[in-house]
Amino acid sequence: MIDPKVSFFLLELLFFFFLQLGSSFCRQGKRVSSFLLPATLSSRKMATRAALKFVRECSVYRKVKSNNISKHSFSTSSSTTTHTPQPPFPKKVTQLSKKGRLFTGVAVGLLIGGGAYASTVDEATFCGWLFSATKLVNPFFAFLDPEVAHRLAVSAAARGWVPIEKRPDPTILELEVWGRRFTNPLGLSAGFDKNAEAVEGLLGLGFGFVEVGSVTPVPQEGNPKPRIFRLPKEGAIINRCGFNGEGIVAVAKRLGAQHGKRKLETSSTSSPNGDEVINGGKAGPESLGLILERIRLLYADLIVHTNHLQVINISSPNTPGLRQLQGRKQLKDLVKKVQAARDEMQWGEEGPPPLLVKIAPDLSKQDLEDIAAVALDLRIDGLIISNTTIQRPDSVCNNPVAEETGGLSGKPLFSLSTDILKDMYVLTKGKIPLIGCGGVGSGEDAYKKIRAGATLVQLYTAFAYGGPALIPKIKAELAQCLERDGYQSIHEAVGADCR
Ligand SMILES: Cc1cc2nc3c(=O)[nH]c(=O)nc-3n(C[C@H](O)[C@H](O)[C@H](O)COP(=O)(O)O)c2cc1C
């Protein structure tokens, strides 16, 4: 994650880059690199020293050059000599050096002026700038193939090449669910960080929680590419990824590495393919695989890192037969198995992780009633509503991409998933915390989900289009919505439209 001071330094490097560009017109690359290298490698102090050295060298160079040129003009005018000395630089370079000097002057001016101004602003303002600046890269990402863009974004977040949210969340957004504290209710939904590569970076962006996965028991290729399609005008995506991922062993290792071993205690057991595995307590990798079969780990806030929430995903449209597990009997059997596997394992003093089920938006009233009954009966801790839809609402029908097979997400999914959310809130009598997901792209959308019965909210597609700058924006708007309607907390607003 980029610390504002580091970012400031990077900004300065950008200026140095311009300096180099300017100086390259002067053909003095060697000299410039003498300060550019230390600038990249070490402290600003070194860079400043090297920059001063560079400026000194430049002035020496100018003196030498003017001497050479005057010598040269002298020798050419006295054409009596047999040997004509070569001018130190071709004539063209003398013209370019003017441009170079201009560039260098502008860059130095910007560096000093920008640096002086930036040093006067507080950390919060600077942080705001950084988030806004990320909008500049959105067109570049939009230009790339969706899967390449996604890979790049995950890698950037994994390496910490993303801004870090230093501003505290508005207190009105704070809440406690399942005994866990969330600084805000906005989470990143499944599918973005399938392999848990970038949890820290993504949480650092200001999400209240990050869901990783879906994780499968063994590594899977998923469906053939292309399998992600953009519908930018409609603010939508169609995907048929089909659970591509590195599998549970790789994910468990990463999570263990990132978050210590409070929950994922190290045991040098070997997995069936010989890899050393980090697993939960007495359970071996097989039972971890069992419990995590079609289950994802849900990360919630830094405090909650050590005790994940688990989500059973039975709603992806891209795995044949998976959605049938949402039937009353099938769901009951599956949840019982998972609960039994979970209870067999040793957990810390916080107890076993809450178990959630993620459902599809394409369910009939009867399906919803069945799921609600199972959820209440087996005391499922929460429901995520919803996954992508196989429907194609009118708003996307004119786009030929809509004919692609797969699940539709983003704006066109908003009302469909919010209606199901409302139904489920009523059916479960508000007794089960619900996570509202589908088409959230603004604070107003998040607020509508909360009023429809969601305690927490997730998004994916809007983040894919809007990037990091969207997160603080949604949080600020949501806080405004709550205050506007006189709520003191999120809990007060949950289900307001269903009463
Ligand atoms: C490219 C892509 C991959 C996804 N992968 C998963 C997944 O592996 N597991 C899952 O439960 N949901 C997955 N989803 C669904 C999202 O988590 C989310 O439920 C859905 O996109 C609706 O939210 P949105 O409208 O904010 O995108 C994926 C969505 C997209 C666009």
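**Reading salt bridges and a ligand shell**

Mentor: Start with one residue. Lys329 has a relative accessibility of 57%, so Lys329 counts as exposed. Keep in mind that this is a predicted model.

Trainee: Which residue forms a salt bridge with Lys329?

Mentor: First the general idea. Side chains of opposite charge can pair when their charged atoms come close. Here the partner of Lys329 is Asp333, with the closest N and O atoms 2.8 Å apart.

Trainee: Where do Asp333 and Lys329 sit?

Mentor: Both are in helix 11 (residues 328-344). They are four residues apart, so about one helical turn separates them. Asp333 is partly exposed, because its relative accessible area is 34%.

Trainee: How many salt bridges does a search of the whole structure find?

Mentor: The search finds 16. Take Glu147 and Lys225 as another case. Their side chains meet in a salt bridge at 4.0 Å, N to O. This pair links distant parts of the chain, 78 residues apart. Glu147 is in helix 7 (residues 146-159). Lys225 is in the loop between strand 4 (209-212) and strand 5 (228-231).

Trainee: Are Glu147 and Lys225 buried or exposed?

Mentor: Use the cut-offs: buried means under 20% relative accessible area, and exposed means over 50%. Glu147 has 15%, so Glu147 is buried. Lys225 has 60%, so Lys225 is exposed.

Trainee: Which residues are linked in a network of salt bridges?

Mentor: Glu444, Arg451, Arg484, Asp485 and Asp497 are linked in that way. Look at one pair in detail. Glu444 forms a salt bridge with Arg484, and the closest N and O atoms are 3.5 Å apart. Glu444 lies in helix 15 (residues 443-451) and Arg484 in helix 17 (residues 470-484), so the pair ties together parts that are 40 residues apart in sequence. Glu444 is partly exposed, with a relative accessible area of 31%. Arg484 is exposed at 51%.

Trainee: Now the ligand. Which residues come nearest?

Mentor: Begin by listing the neighbours. There are 24 residues around the ligand, and Ala190, Lys194, Gly410, Gly439 and Thr461 come nearest. Then sort the shell by type. Seven residues are nonpolar, 14 are polar and three are charged.

Trainee: Which strands each supply at least two residues of the shell?

Mentor: Strand 3 (186-193), strand 6 (236-239) and strand 13 (407-410) do. Strand 3 gives the most, with three residues.

Trainee: Which polar atoms lie by an oxygen atom of the ligand?

Mentor: A polar side-chain atom of Ser189 lies 2.9 Å from a ligand oxygen. For Ala190, a polar backbone atom is 2.7 Å from an oxygen atom of the ligand. For Gly410, a backbone N or O atom is 2.8 Å from a ligand oxygen. Next, look at cover. On its own, the ligand has 600 Å² of accessible area, and the protein covers 98% of that.

Trainee: What does the side chain of Asn239 reach?

Mentor: It reaches the backbone nitrogen of Cys241 at 3.1 Å. Now look past the sequence neighbours. Leaving out residues up to four places away in sequence, Asn239 touches Arg227, Ile228, Asn318, Thr388, Gly406 and Gly407.

Definitions and conventions
Residues numbered from 1 in each chain as written. Predicted model: local features only at pLDDT ≥ 70, side-chain atom pairs only at ≥ 80, totals over all residues. Heavy atoms only, no water. Buried < 20%, exposed > 50% of the residue type's maximum accessible area, 1.4 Å probe, protein only. Near = heavy atom within 4 Å. Polar contact = N/O pair within 3.5 Å; in protein donor to acceptor, adjacent residues only side chain to side chain. Areas by Shrake-Rupley, 256 points an atom, 1.4 Å probe, with all protein chains shown as cover. Nonpolar A, V, L, I, M, F, W, Y, C, P; charged D, E, K, R; others polar. Contact = heavy atoms within 4.5 Å.
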